[in-house]
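Let's go through the pockets and the ligand of this one, question by question.

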Amino acid sequence: MKFFIDTANLQEIKEANDLGVLDGVTTNPSLMAKEGITGEQNILDHYLAICNLVDGDVSAEVIATDLEGMIQQGEELAKLHTNIVVKIPMTINGIKAIKYFSGKKIRTNCTLIFSAGQALLAAKAGASYVSPFIGRLDDISVNGLDLIAQIRQIYDNYLFDTEILAASVRHPMHIINCAEIGADVMTGSLKSIMALANHPLTDSGLEQFLADHAKGNK
Ligand code: G3P
């Protein structure tokens, strides 16, 4: 399972990367705005800074909703760096743009996936990744993990190459459950990734080992 970090914060990206297990980064317009990155050139520069930090895929989202605009913005993003994956929203124009980019060998991440039908359509159009938002489904009392399992089955039935990128991951159990189901990738916060390391028995066990070592070496 690939681990992506879902942030545009360079410090957090660096911290996750330093752990040695990071495979990529996902961003979205909200995450970029949260970091105060505004204006076309600043946004492009920030994506480039992320690409220079991490040796892995970096999802950069188009803002346009018309086909021509999506293609123009996507091509500009793809030109920035070979790590860039163009993130496109799940709309009819988005599907057409994904098909276009797939023909040009430009990789895409179809975002805002909330149903198996949407994931099927994106895979047929040639998306490199689909991003089902599991946390946002949980927020409305729909089990997000069930969607991951449904998409896994459909993609396995037809051997689609599209990778399932579980997004809107909120906590370590989401990551573990996605790994059990067979999501190809998960994208989560630094906190959710770091939390995988925690166990109280590890802490108390280590404390005991160190105390015993200190006693024996008195
Ligand atoms: O990058 C998209 C997704 O991960 C957003 O997560 O927490 O805003 O639902 P969240």
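Q: How much space lies in the second largest pocket?
A: Keep in mind that this is a predicted model. The second largest pocket is lined by 16 residues, with Glu40, Ile43, Glu61, Ile63 and Gln73 the closest to its centre. The space in there comes to about 270 Å³.

Q: Which helices each supply at least two residues of the lining of the second largest pocket?
A: By class, that lining divides into 10 nonpolar, 3 polar and 3 charged residues. As for helices that each give at least two of the lining residues, look for α2, α3 (40-53) and α4 (67-80).

Q: Where does the ligand sit?
A: Start with its neighbours: Asp6, Asn28, Lys87, Phe133, Arg136, Ala167, Ser168 and Arg170 surround the ligand. Asp6 and Asn28 also turn up among the residues nearest the centre of the largest pocket, together with Thr7, Leu31 and Ser189. So where the ligand sits, going by the rule that more than half of its atoms must lie within 2 Å of the grid points, is the largest pocket.

Q: How much space lies in the largest pocket?
A: This pocket has 22 lining residues, and by class they are 5 nonpolar, 10 polar and 7 charged. The space inside is about 380 Å³.

Q: How many charged residues are in the shell around the ligand?
A: Run through the shell: Asp6, Lys87, Arg136 and Arg170 are part of it, alongside Asn28, Phe133, Ala167 and Ser168. By class, 2 are nonpolar and 2 are polar, and the number of charged residues is 4.

Q: Which residue caps the N-terminal end of α1?
A: Helix α1 covers residues 10-18, and Gly20, with a positive phi near 90 degrees, follows it. At the N-terminal end, a side-chain oxygen lies 3.0 Å from the backbone nitrogen of Gln11, and the capping residue that provides this oxygen is Asn9.

Definitions and conventions: Residues numbered from 1 in each chain as written. Predicted model: local features only at pLDDT ≥ 70, side-chain atom pairs only at ≥ 80, totals over all residues. Heavy atoms only, no water. Near = heavy atom within 4 Å. 1 Å grid on protein atoms, 1.4 Å probe; cavity = no way out; pocket = protein on both sides within 12 Å on 5 of 7 lines; lining within 4 Å. Nonpolar A, V, L, I, M, F, W, Y, C, P; charged D, E, K, R; others polar. Points joined across faces, edges and corners; volume = space filled by probe spheres on them. Helix = DSSP H or I, 4+ residues; strand = E, 2+ residues; numbered from the N terminus. Polar contact = N/O pair within 3.5 Å; in protein donor to acceptor, adjacent residues only side chain to side chain.
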